[in-house]
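Please keep the sequence and the structure in view while reading.

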Amino acid sequence: MSTVLKVSNLEVDFIAAGTVINTPLRGINLEISSGQTLGIVGETGCGKTLTATSIMGLLPSSAIQRGSIEFAEHGLVNAADMADIRGSEITMIFQNPQSAFNPIFTIGTQLHMVAVRRQIARNKIEQLLHARLRSVGLNDVKRVMNSYPHELSGGMLQRCMIAMALISTPKLLIADEPTTALDATIGHQVLGLIRSLQQSEGFAMLFISHDVSAVAKVSDVMAVVYAGRVVESGPTQDVMNNPQHPYTKGLLGAIPSAKKPRGELTAITGNVPSSLKALTGCSFAKRCTSADAQCLGEPPIIQIKEQVIACWKVAP
Amino acid sequence: MKTLVRPFICSEGGKPMSLKSRFSSPKIRLIAITTSALLAIAGFTVPNAAQAASVFKVATSAAVTTWDPIQSFSTEAFYMTNIYEPLLWKNPDGVSPEYAPALATSWSASKDGKTWTFKLRAGATFHDGSPVTSAAVKASFESSKKVGGAGFIWDALKTVDTPSDDTVVLNLSYAAPMDLIASSTYGAYIVNPKALDAVAKDAKYFESGKDGGSGPYTISSYKAGSSVVLTAYSKHWAASKPAYSTIDISIVSDGITAQQMMTSGQVDWATNIPLTSMTSFKRNNKYSVIKYKSPFNYVGYFNTLRAPLNNPKVRQALSMALNYREITAVGGQGYATQSRGPVPAGIYPYDAAIPQYQMARTKAKALLASAGVKDLTIKITYASENSAEARFVPLIKDAFEAIGVKAEVQGILFNQQWAAAKKDPANAQDLFIVKYWPTYSDAGVDNLWSLFHSSAKPFFNLSYWKNTTYDKLVDDAIELSGSDKAAAQKLYSQAMMILYNEAPGLYLYDEAQVSVVPKKFDIPKYNINYPFSAFFAGVKLSS
Amino acid sequence: MKILRNRLSSALLVLLGASFITFTLARVIPSDPALAYIGPKATAAEAAKLRITLGLDQPIPVQYFKYLIETFQGNWGYSLSTKQPILQEIADRLPATLELIFFAISFAVIFGVALGVYAAKYRGKFQDSLIRIFAIIGVSMPAFWLGLLLQMLFAGRLTWFPATGQFDIELKYDHPITRVTGFPLFDSIITGNYHATFNGLHHMILPALTLSAYSFGLLSRMARANLLEVLSQDYVKVARAYGLSERLIFFKLALRNALPPIVTVTGLSAAYLITGTFFVEQVYNWPGIGSFAVNSLLSIDYPAIMGITLVAAIGYLVTNFIVDLIQSKLDPRVWMK
Amino acid sequence: MKFLFKDKLTSMASTLLILFIFLAIFGPLVAPYPKEGRGKANVDNSFIGPGWKHLLGTDELGRDLLSRIIFGARPALLIALAVVGFAAVIGTLLGLIAGYRGGWIDSLIMRVSELFLSFPPLLLSLVAVTFLGPGLVNALIALIISWWPWYARLIRVEASIVKSKPYVEISAAMGVPDRVIILRHILRNVTTPLIVQIAADLGTVILAAGSLAFIGLGAQPPAADWGLMVAQGRNLIFDQWWISTFSGMAIFLAVLAFNILGDALRDHFDPRISRQ
C-alpha cells in the first residue's frame with residue numbers, strides 16, 4: 001500500500017501590506033495511501049478547505065505556504081509542479097454544484113474543456129464523457145450535456161462534477177463538503193456513489209466535511225482539525241469509538257446516535273477563534289472544560305495505538 | 001448665441017392693408033432674426049469676361065423663412081436678390097445715377113407724381129424661358145399689394161395699366177416716389193405669372209425650393225435649414241455671365257462656426273463673422289475688414305402708459321443714466337456710433353443737427369427726485385437671439401441701478417417679447433429693446449411713423465406714446481416726401497426734436513455693417529438699400 | 001417567441017405613453033397653441049377660427065387620438081421654421097446622426113472595454129488607478145465643453161481636423177457620393193468612393209470622440225467591475241482546480257461571463273448618446289437630428305419637437321430591444337427572468 | 001467621515017467639494033471683484049487675458065472671470081440640491097406608497113414612472129423647459145420632472161423587500177398603523193440606498209443644468225451661471241479662449257468631485273453595489 005499524499009506541518013500565513021495578519025494553518029500533517037479515504041472533520045473555519053486549496057496550489061497571492069507536500073511518485077512538489085498535477089492526477093469536487101459550474105456554458109462544453117486540457121484525443125472525448133456521465137448514474141446523457149447549469153438539479157450537477165473529476169482517472173480526489181449543499185437523501189445517494197466509484201476506480205480520496213457522521217461513513221482514516229491544526233487522527237473506527245482529544249469528544253457528543261439515550265447531546269461552547277495570529281499553546285484551551293495553565297504551552301503529541309493526539313490532558 | 005425664431009403662419013386674408021396696419025408678421029420675424037453678425041453685400045460692378053464654370057462657397061446665417069417672393073419679408077432676401085429682379089435697383093449712396101435699370105430700362109413720372117410709366121427690358125426671360133411682360137409686372141404688384149409681406153409699400157398704388165407688352169403704367173392715389181418703392185428689397189419682385197397661379201392653388205408651392213424669377217441665378221438645390229445651391233441662369237439678359245456658375249451656400253447660424261469654416265477653407269466667404277472676431281481678422285493679412293454704413297439702429301421703447309414712465313422727466317432721467325460710449329463699444333465692438341433718434345445715419349430723413357443724450361447721472365438723479373420717483377423697478381426685455389443685445393443690455397441695467405432704479409432683465413425670443421408688449425400694455429415690460437431698420441430706404445415713412453406715430457391698434461409703436469403735434473408733422477411729411485423731399489425733411493426734423501425732448505424711447509446706436517472679405521476674391525460692395533442681400537453675379541477672383 | 005411578443009406589446013404601450021406625454025406638454029403647457037401657429041398678431045377671431053381648424057376646440061383626449069392616427073398614417077405635420085414635412089426632415093437628418101452615434105459607441109466599446117479589462121488584470125496596480133481616473137473624468141466631462149475644447153485645439157490651433165460638418169463642401173462637386181442606403185459614409189464605402197470615405201472619417205473623429213467620452217467612462221468602469229466580479233466566482237476556482245490555463249480563464253471564460261452586463265451598459269449609453277448628439281452636433285454643426293432638435297427647441301417648433309421626441313423614444317425602445325435580443329444570445333438565463 | 005479621505009483621489013475630491021461649498025457660501029466675501037461677480041460691467045477692461053490682475057481674465061463686459069465663476073458656485077450647488085432634493089422627496093413618497101400598498105396603486109405609480117423613464121435621459125427635461133419657457137426655475141422644474149421616477153423605482157423595490165420581512169409583517173399583524181410601520185421600519189431601511197443614489201445624482205444634475213443653460217434653455221443673462229458663461233464665451237473661443245474654457249472647467253471639476261465622492265459613499269455604505 002503506497003502513500004499517495006504526504007503533507008508535513010503545512011503552515012499558511014496571510015500577508016497584507018507586508019505583515020502577517022492571520023495564520024489559519026499552523027502545522028497540518030496528513031498521509032493518504034492509495035485507494036484509501038482520509039476524512040478531515042472540524043467546524044467551519046478550522047482550515048479544512050484551506051488545506052485542500054493549499055494542497056492544490058491555489059492559494060491567493062496574499063498567502064505564504066510553508067511545510068512540504070509529497071505526491072505519489074512526484075515526491076516533493078511545489079505550487080508550480082501542482083499546476084500540471086492539478087486537474088489530472090488530483091481532482092476536486094466542490095461544495096456548491098450550482099456555483100461550481102459556469103452558468104453560461106452547457107455542461108457538455110465545460111466537461112469538454114477539461115477533457116481537451118487533458119490531451120484526450122478529440123475523437124475519443126465524446127464517448128469518454130458519455131461513459132463518465134453514465135458511470136455517475138446520469139443516463140439521459142445527451143440532455144445533460146446540452147443543458148445549462150440552471151436547468152439541472154443540485155444532485156445532478158454534483159454528479160456531473162464527479163464525472164468531471166473522473167475524466168482524467170485521478171490518483172487522488174479531493175471532495176470538499178460534497179453533500180452539504182444537497183438535501184439529505186440526495187446527499188446519501190451522492191456519498192454512496194462516491195464510495196462505489198472509489199472501489200471501481202481505486203483512487204485515493206481526501207474527504208472534507210464538518211459532518212462527522214458523513215466522514216465516519218466514507219473514510220478509512222480520519223483527522224480532526226481545529227484552528228489550523230490536526231488535534232487527533234487515526235483509523236476512523238478507533239477515533240469514533242474512543243475519542244481522546246476533548247474537542248473530538250465534543251464533536252462526537254454533538255451527533256445523535258442510537259447508542260446514546262435521548263437528551264445526552266452535548267455541544268461545544270464558544271466558537272473557533274477567528275484570527276489565529278500569535279496564538280500559542282493549545283488553541284482549544286479557551287473552550288476546553290478540562291484546560292488549565294499547562295495548556296498554554298505547546299501540547300505534546302501522544303500516540304495511542306494508531307491514534308495520534310495533540311493534548312496535555314491525554315495520558316499515554 | 002443662436003439666431004432662431006419661431007415664424008408665424010400668417011394669413012393676411014384678402015383685406016387690403018391700410019397704412020395703419022401695414023406690417024405683416026415676417027417683418028417682425030426679420031427683426032428677430034437679424035443679429036449684429038448678420039451681413040450682406042450688394043453692388044453693381046459688372047463682372048468681366050466669365051471664368052470657367054466653378055463653385056463659390058459661402059456660409060451665412062440667412063435663414064429661409066419662405067421661398068415665396070411675394071410673402072418674402074425676411075433674411076431670405078440674401079438669396080432672393082439673386083433669383084428675382086425688381087424693375088429698378090437702387091445704387092449705394094454716392095453712386096450716380098441713383099438707380100440702375102433692372103427689368104425696366106427707362107421710366108418717367110408725371111408732373112403731379114401720381115402716374116409712373118416703366119419701359120420693360122427686351123429679351124428678359126423667367127427661368128422657364130417665358131418672357132417678362134407687363135402682364136407679369138401687373139400680376140406681381142397686385143398680388144404683392146394684396147397678400148404680400150411688404151404689400152404696404154404699394155399703399156399709394158391705385159391701378160396698373162399695361163398698354164403694351166413692354167410698358168407698365170402705375171396710377172397712384174397720392175404722389176409717392178415709385179422709383180424708390182419699385183426698387184424695394186421686399187414686395188417689388190417681378191414673378192412668373194405661372195408661379196403666381198401655382199401658389200394660389202398650393203400655398204406651399206415655393207417652399208420645396210422652386211423659383212419663378214428672372215434673376216442671374218436659379219435655385220438648383222435646397223436642404224431646409226442647411227444649404228442652398230444656386231446655379232447661373234444661362235439665358236439671363238446681362239451681357240456678361242457670372243464668374244461663378246455655382247454658388248454653394250451653407251446656412252450656419254453660429255457666427256463662430258461660419259468664421260471657422262472660412263478660415264479653415266471649408267468656404268470661400270462667410271457673411272456672419274462675429275464682431276468680436278474683427279480684431280484678429282484685422283491682424284490677418286489674408287482678409288480685409290471693411291466697414292459700411294448700415295440701416296440698423298437700436299432703440300428701446302418706454303412703456304409710456306405706466307407711471308412714472310408717463311412722465312417725460314423720468315424718461316429723460318433714464319436716458320441720461322446710460323453710458324452711451326460703453327453701450328456702443330460693447331454692442332458694436334467699435335463698429336457703431338451713438339444714434340440721433342430712431343433714424344439711422346445715412347438714411348433719409350437723418351439730420352445730424354438732432355441732439356443726443358449724454359451720460360449725466362447726477363442730473364438724472366435730480367430729475368428723478370424732482371419727479372418724486374423713488375424705489376422704481378424697470379422690467380427690461382430683449383431678443384435673446386440677438387447677440388449684440390445680449391452683450392449690452394446688462395449695461396443698461398447697471399446704468400439704471402447707478403441712479404437708484406432697479407432693473408429686471410429678461411431675454412426671450414423676439415416674438416415672445418413682442419407679444420408681451422402688445423398683449424396687455426398695462427402689464428407689459430417697461431423697456432423693450434429692439435433692432436430696427438426701414439423696409440426700404442425711407443426712415444420717415446417707416447421708422448418715424450412705425451415706431452412713434454400713435455395708432456388705435458398699436459403695431460410697432462409699442463411705447464404707446466401719443467403726441468398729436470408729432471403725429472401731424474410725420475403724416476404731413478409723408479404726404480409731402482413724394483413731391484418735395486426738402487420740405488418734408490424740415491417737418492421730419494421738427495418731429496425728431498420732439499422725440500429727443502419727450503424721450504418716449506432710448507436711442508442707442510447705429511450699427512455699422514462690417515464685412516470680412518478674403519483678399520483672394522473681389523466681392524461687390526455692401527448696398528445699404530439691400531441690407532440683407534448678396535449679389536453673387538458680381539463675385540470674382542481679384543486680379 | 002411568446003416573450004418576444006410580450007416585449008413588443010409592452011414596447012408599444014410605452015410608445016403610446018411617451019407620445020401622450022409629449023402631446024400633453026406641447027398642447028397644455030403653452031398658453032395658446034393657436035397663437036404659436038399664427039403668431040401674436042392674430043386677432044381673437046382669427047385665433048378662434050384656427051383653433052377650430054386645428055381641432056384645438058375638442059377635448060384633449062380626442063385631439064390626442066387624432067394626433068395618433070395622423071402620426072400613424074405618417075402625417076407628422078410641417079416644421080414651423082423650415083416649412084418642410086417633419087417626417088422628411090427627420091429622414092434626411094437621421095443617417096448622419098446614426099453614423100455619428102455608431103462611431104461614438106464603437107470608440108467607447110473598443111477603448112472602454114479594453115482599458116477596463118486591462119485595469120482588472122492589473123487590479124490595485126497603478127495602471128488600474130490611472131484608468132479609474134480616466135473613466136471618472138469621462139463620465140464627468142460636459143460634452144458641449146469637451147467639444148469646444150477639442151474644436152479650439154485640434155481644429156482651431158493645430159488644424160489637424162476639420163472643425164465642422166460631416167464632409168468637405170467641395171466633396172459634393174469633386175467626389176459626389178452616390179446615394180444607395182442614404183447613409184453617406186456607408187454609401188461612400190460600398191460605392192468605392194474612398195476619397196469621400198477618408199474625408200468623412202476625418203470629419204468624424206472629433207465629434208465621435210466628444211460624444212463617446214461619457215460612454216467610454218461608463219464602459220471601462222463596468223468592464224472592470226464585472227470582470228473582477230466574475231473572477232471571484234466559484235466556477236473560476238473550479239476552472240483553476242482543473243488546470244485550465246490563466247489565459248483561457250481570463251480571456252475566454254471570464255470575459256465571456258462579463259459580457260452580458262457590458263452589453264446592457266452599451267445599450268444604456270447608446271440611449272444616452274441620443275440626447276448627447278443634441279449638444280455635440282450643435283458644437284460641430286453636424287447635419288443631423290441633434291442640431292435640428294436644438295433649433296426646433298429654441299424656436300419652439302411644436303410639430304418638429306413632437307416628431308423628434310417620438311423618434312427619440314422609438315430609438316430608445318429599439319436600443320433596449322436589441323440589447324435584450326443580444327442578451328438572450330449571450331446569457332441562457334435571460335428568458336428565465 | 002473618514003472614508004471621504006480614504007485615498008488620494010477621494011481626498012482631492014473632498015477638498016474640491018469643500019472649496020466649492022465654501023465659495024457658494026462666502027463667495028461674495030472672497031471674490032477678488034465682488035461687484036463684477038454680481039454682474040457690474042467694467043467695459044474698459046474687456047477681454048483681458050489671464051494674468052496677475054485677473055487670474056482667469058475678463059469677459060466682454062470686462063468683468064473678472066474668476067469672480068464670475070465664484071459667484072456661479074452658489075446657483076450650481078443650489079440647483080443640484082433642489083433638483084435632487086425634490087426628486088428624492090416626491091420619488092420616495094410615491095415609491096413608499098407603491099411598495100407598501102402594492103396592488104393597483106403600485107402598478108399605476110410604476111407604469112407612470114416607466115413612461116417618464118421611456119425617454120432618453122434629459123430629453124424630457126429639454127422638451128418640458130422649452131414649453132415652460134427658458135429660465136432657471138423652469139429648468140429646475142423640468143429636471144425634477146425627469147428625475148423623480150428613478151427614486152420612486154429605487155424606493156419601491158427596497159420598500160417591498162422590507163415589507164415582506166417577518167418583523168414588519170408581525171407588527172402589521174399586531175395592528176401597528178401603516179404610517180408608523182412606514183416611518184419606523186421601511187423609511188429607516190431605505191435611507192442608505194437613498195443617500196447613495198442622491199450622492200451619485202448631484203454631479204449628474206449639475207451636468208444636466210449646465211447643458212440646458214448652454215443651449216440657452218437654462219439660466220438667462222446676466223446671471224453668473226457656468227453653463228451660460230460657456231455659451232457666452234463660445235463665439236469667442238478662438239480669440240478669448242479663457243471664458244468658455246474656465247467656466248466649463250468649473251462645471252467639470254464640480255461634477256468630477258461629486259462623482260468621485262458618490263463612488264466613495266457607495267463603497268462605504270454598500271460594497272456590494274460598488275462591485276457591479
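Chain A and chain B share no contact, and their closest C-alpha atoms lie 50 Å apart. Two residues are in contact if their C-beta atoms, placed from the backbone, lie within 7 Å. Chain A and chain D do not touch either, with their nearest C-alpha atoms 16 Å apart. Among the 4 pairs of chains that touch, chains C and D have the most contacts.

The model is predicted: local features need pLDDT of at least 70, side-chain atom pairs count only at pLDDT 80 or more, and totals for chains, interfaces and linings use all residues. Residues are numbered from 1 along each chain as its sequence is written, while chains are lettered from A and ligands numbered from 1 in the order in which they are written.

## The contact between chains C and A

The contact between these chains takes 17 residues from chain C and 21 residues from chain A. On the side of chain C that touches chain A, helix 11 (234-241) and helix 12 of chain C each supply at least two residues. Helices (H or I, at least four residues) and strands (E, at least two) are DSSP runs, numbered from the N terminus. Helix 11 of chain C gives the largest share of that side, 6 residues.

By class, the side of chain C that touches chain A has 8 nonpolar, 3 polar and 6 charged residues. In this scheme Ala, Val, Leu, Ile, Met, Phe, Trp, Tyr, Cys and Pro count as nonpolar, Asp, Glu, Lys and Arg as charged, and the others, Gly among them, as polar.

## Chain A as a whole

Chain A contains 11 helices and 12 strands. Its radius of gyration is 20 Å, close to the 20 Å that the globule rule gives for 316 residues, so chain A is as compact as a globular protein of that length. The radius is taken over C-alpha atoms, and the globule rule is 2.2 Å times the number of residues to the power 0.38. The C-alpha trace of chain A spans about 65 × 50 × 40 Å along its principal axes.

Of the 316 residues in chain A, 42% are buried. A residue is buried if 20 or more other C-beta atoms lie within 10 Å of its own, exposed if 12 or fewer, and partly exposed in between; the C-beta atoms are placed from the backbone. Among contacts in chain A between residues at least 6 apart in sequence, 65% join residues at least 24 apart.

## A buried residue in chain A

A:Ile55 belongs to helix 1 (residues 48-56) of chain A. This residue is buried because 26 other C-beta atoms lie within 10 Å. Residues up to four places away in sequence not being counted, A:Ile55 touches A:Val7 and A:Ile69. A:Ile55 and A:Val7 are 48 residues apart in sequence, and their C-alpha atoms are 8.2 Å apart in space.

## The two faces of a helix in chain B

Helix 5 (residues 193-201) of chain B has the buried residues B:Ala195, B:Leu196 and B:Val199. Seen down the axis of helix 5 of chain B, these residues fall within an arc of 100 degrees, so they line one face of the helix. The arc is that of the directions from the helix axis to the C-beta atoms. Helix 3 (134-147) of chain B is included in what covers the buried residues of helix 5 of chain B. On the other side of helix 5 of chain B, B:Asp197, B:Ala200 and B:Lys201 are exposed.

## Two packed helices in chain C

Two packed helices are described by the angle between their axes and the distance between the axes. Helix 12 (residues 246-284) and helix 13 (residues 289-298) of chain C pack at an angle of about 90 degrees, with their axes 7 Å apart. Helix 12 of chain C is therefore roughly perpendicular to helix 13 of chain C, a term for angles of 65 to 115 degrees, whereas angles under 35 count as roughly parallel, over 145 as roughly antiparallel and the rest as oblique. Axes are lines fitted to C-alpha atoms, for helices over the stretch in contact, and angles run from 0 to 180 degrees between N-to-C directions.

## Backbone features in loops

A cis peptide bond joins B:Ser96 and B:Pro97, with omega about 5 degrees. B:Pro97 lies in the loop between strand 2 (88-90) and strand 3 (99-101) of chain B.

C:Ile300 is not a glycine, yet has a positive phi of about 45 degrees. C:Ile300 lies in the loop between helix 13 and helix 14 (302-330) of chain C.
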